[in-house]
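Please open the model in your viewer and keep the selection tool at hand. The tour goes from one selection to the next and says what is found at each stop.

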Amino acid sequence: SDVCSSDLFYHTSYRSILQLYPFLNRSNVYHVHDKISGTIGVKILRLVDRKIASYIAVSDFIKEDLIGFGIAKEKITVVHNGIDFTNFDIQFANNNLTTVSRIGIVGQIACRKGHEVLLNALSSESIKKKKFVLEIFGTGNDDYLNFIKNKINELGLSSSVQFNGYVKDRDLIYQTVDFCVVPSTEPESFGLSVVEPAIYGKPVI
């Protein structure tokens, strides 16, 4: 078929490599965005590695992760994620702080992103005395979302937390907050949630 006779295959998932493995030649490039060690992906990549000509890692962390379970470093090139600046309105960078601190956490709502850690920190007596609103941007698994919402009620933070769901407009997100927090409990493959607010001149913790 035309697909099988292609000169180069570009993959963003090891699952596609496994599914197509019998039909692939050795001209495959795998663009790796997430940590693979500790997942079934390690076994899969060890199986299909001989048909992968090159790996593109989004960060040095991902490169080291690949090397750690046996991928030859000569096959790995680091290419950082890019950000399109053309649609960014940087005028929001100079917002003046109000009497109420607007704290932002942006991205997927998942256990490893540390939402629970942030909520526990905000529930401390010393912080509760401050005036703040936590603006949560993003979506996630329904079970974990319900867990986080119950945690908010349990900690007495209901009046201080705002769920905004997924918001595509980055200008709207970063004009809403004074600073952002990235409380991830696991290493990030490439921290867009740090880079984006920095572009807008927003401090990041």
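Begin with the lining of the second largest pocket, which by class has 8 nonpolar, 1 polar and 2 charged residues; here Ala, Val, Leu, Ile, Met, Phe, Trp, Tyr, Cys and Pro count as nonpolar, Asp, Glu, Lys and Arg as charged, and the others, Gly among them, as polar. Before selecting anything, note that this is a predicted model, in which local features need pLDDT of at least 70 and side-chain atom pairs count only at pLDDT 80 or more, while totals for chains, interfaces and linings use all residues. Residues are numbered from 1 along each chain as its sequence is written, and side-chain values use heavy atoms, with hydrogens and water left out.

Now select Ser-101, Ile-103, Leu-118, Leu-122, Ile-127, Lys-130, Lys-131, Phe-132, Phe-179, Val-181 and Ile-205, which line this second largest pocket. A pocket is an open set of points on a 1 Å grid over the protein atoms alone, where a 1.4 Å probe fits, with protein on both sides within 12 Å along at least five of seven lines, and lining residues have an atom within 4 Å of a point. The space in the second largest pocket is about 180 Å³, a volume being the space filled by probe spheres set on the points, which are joined across faces, edges and corners. Strand S5 and helix H4 (115–122) each supply at least two residues of its lining; helices (H or I, at least four residues) and strands (E, at least two) are DSSP runs, numbered from the N terminus.

Finally, select Lys-51 with Tyr-21: the charged end of Lys-51 sits over the ring of Tyr-21, 4.3 Å from its centre (NZ of Lys or CZ of Arg within 6 Å of the ring centre and within 35 degrees of the ring normal). Lys-149 likewise has its charged end over the ring of Phe-163, 5.4 Å from the ring's centre.
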